[in-house]
Amino acid sequence: MSPATFTAMCSANASSPRRWDGTPTRTPRPRSLRVAPDSPTRLVRTAQPGHCPDCGNRIDWHPRRAGDDRAVGLHPQELPAAAVPAVSRWHVSSGIAHPAHDGTPWCRIPHTALCPARSVPAALTPQLTALRRHLALHTRRLINNGTLTTRATPPAPEATKSCRPARPIAQLLSVRYIASHPIDVIQCVAQTRQRHRCTRPVLDDQAPPGTWTLAPTTLVGRRTPSPPVGRMAVYDLTHLPYLEQLRWRHQHCSSHATSSAADLALTEWETFDPRLHHQHIHPRLPGGTRTQHHGT
């Protein structure tokens, strides 16, 4: 080897970092997560991690297939399909959870089938029994450490001094939805530039508000219209422009209404059903007034 070649190799080694064996050290360039235009979900992650409020164990929340607004909480790890009953097998495709088996040796299982705070299911295989016992031990450690506390029972609607619905019913895009929080507390689900969830509320003082009104309570899911069984308070948004109603449906603040930012959480709207949500029906308007043009 000539001295010039040796000098060139030494200078190259000095300019680029190398491992002990002489191979170059390459640091992968970080890539930012993006949402594909044809993605069935706007979530930047395939699942939204959370914890069971009853046992404290981890849950992965996945949106269901199209037409079902509810999210399903699955156990974070895959399990052998042979150890899971056929009725409890789920699979995840493109971030969407499907209640069926996809033919692979592995599957997912709902957390409710393993939750130690619930009653033991009738059909539980030995593998699932051992996993449920492991989750129960973790729950006991959380209780002993003071990390897990039982949820406080909400007061009865008659005992509350305010008529403010805890889970209000809203009507937008010709559909009635029930929210998980009061109207003025509903939080935007979009991702900020700091990659955190936006803390702004969906209700904006600079945007046209909805109107509290008394609407007839009707049963859904029948071909013929059913007679009204009463009247209930509804936050009506149908008089707003289509894009404004779409902003509420997507649970975005005014700043993220037309933004291409991904969603960092699932929307909390749930299709309203009088038979399932009858305990959240309020026969009076909030505050006792005829109409209110705000979210109190």
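The largest cavity holds about 40 Å³ of space, where a cavity is a set of points, on a 1 Å grid over the protein atoms alone, at which a 1.4 Å probe fits but cannot get out. The structure is a predicted model, in which local features need pLDDT of at least 70 and side-chain atom pairs count only at pLDDT 80 or more, while totals for chains, interfaces and linings use all residues. Residues are numbered from 1 along each chain as its sequence is written, and side-chain values use heavy atoms, with hydrogens and water left out.

A search of the whole structure finds two cavities of 30 Å³ or more. Volumes here are the space filled by probe spheres set on the grid points, which are joined across faces, edges and corners, and lining residues are those with an atom within 4 Å of a point. In the classes used for linings, Ala, Val, Leu, Ile, Met, Phe, Trp, Tyr, Cys and Pro count as nonpolar, Asp, Glu, Lys and Arg as charged, and the others, Gly among them, as polar.

| Space | Volume | Lining by class |
|---|---|---|
| Largest pocket | About 1,100 Å³ | 11 nonpolar, nine polar, 10 charged |
| Largest cavity | About 40 Å³ | three nonpolar, three polar, one charged |
| Second largest cavity | About 30 Å³ | six nonpolar, two polar, no charged |

Around the largest cavity stand Ala179, Ser180, His181, Ile186, Gln251, Glu268 and Trp269, whereas the second largest cavity is lined by Pro165, Pro168, Ile169, Met232, Ala233, His280, Ile281 and His282.

A pocket, by contrast, is an open set of points with protein on both sides within 12 Å along at least five of seven lines. The lining of the largest pocket consists of 30 residues, and those nearest its centre are Pro53, Trp61, Ala71, Ser180 and Glu270. At least two lining residues come from each of strands S1 (48–51), S2 (58–63) and S3 (71–74), with S1 giving the most, four residues; strands (E, at least two residues) and helices (H or I, at least four) are DSSP runs numbered from the N terminus.

Three aromatic pairs are found in a search of the whole structure; rings of Phe, Tyr and Trp (its six-membered ring) pair if their centres lie within 6.5 Å, and planes under 30 degrees apart count as stacked, over 60 as edge-to-face and the rest as tilted. The pair of Tyr177 and Trp269 is tilted, because the ring centres are 6.1 Å apart and the planes stand at 55 degrees. This pair joins distant parts of the chain, since Tyr177 belongs to strand S9 (residues 175–178) and Trp269 to the loop between helix H3 (242–250) and strand S12 (270–271), 92 residues apart. Tyr177 and Trp269 are buried, that is, under 20% relative accessible area, with exposed meaning over 50% and partly exposed in between (1.4 Å probe, protein chains only). Tyr235 and Trp248 also form a tilted pair, at 6.0 Å centre to centre and 50 degrees between the planes, and both are buried. Ring pairs link Trp212, Tyr235 and Trp248 into a cluster.

Helix H2 (residues 126–145) has 20 residues and reaches 29 Å from its first C-alpha to its last, close to the 28 Å expected at 1.5 Å a residue, the expected span being 1.5 Å times one less than the number of residues. Leu128, Leu131, Arg132, Leu135, Thr139 and Leu142 of H2 are buried. These residues lie on the same side of H2 because they cover an arc of only 100 degrees around the axis, taken from the directions from the helix axis to the C-beta atoms. Exposed on the other side of H2 are Pro126, Arg133, Leu137, Asn144 and Asn145.
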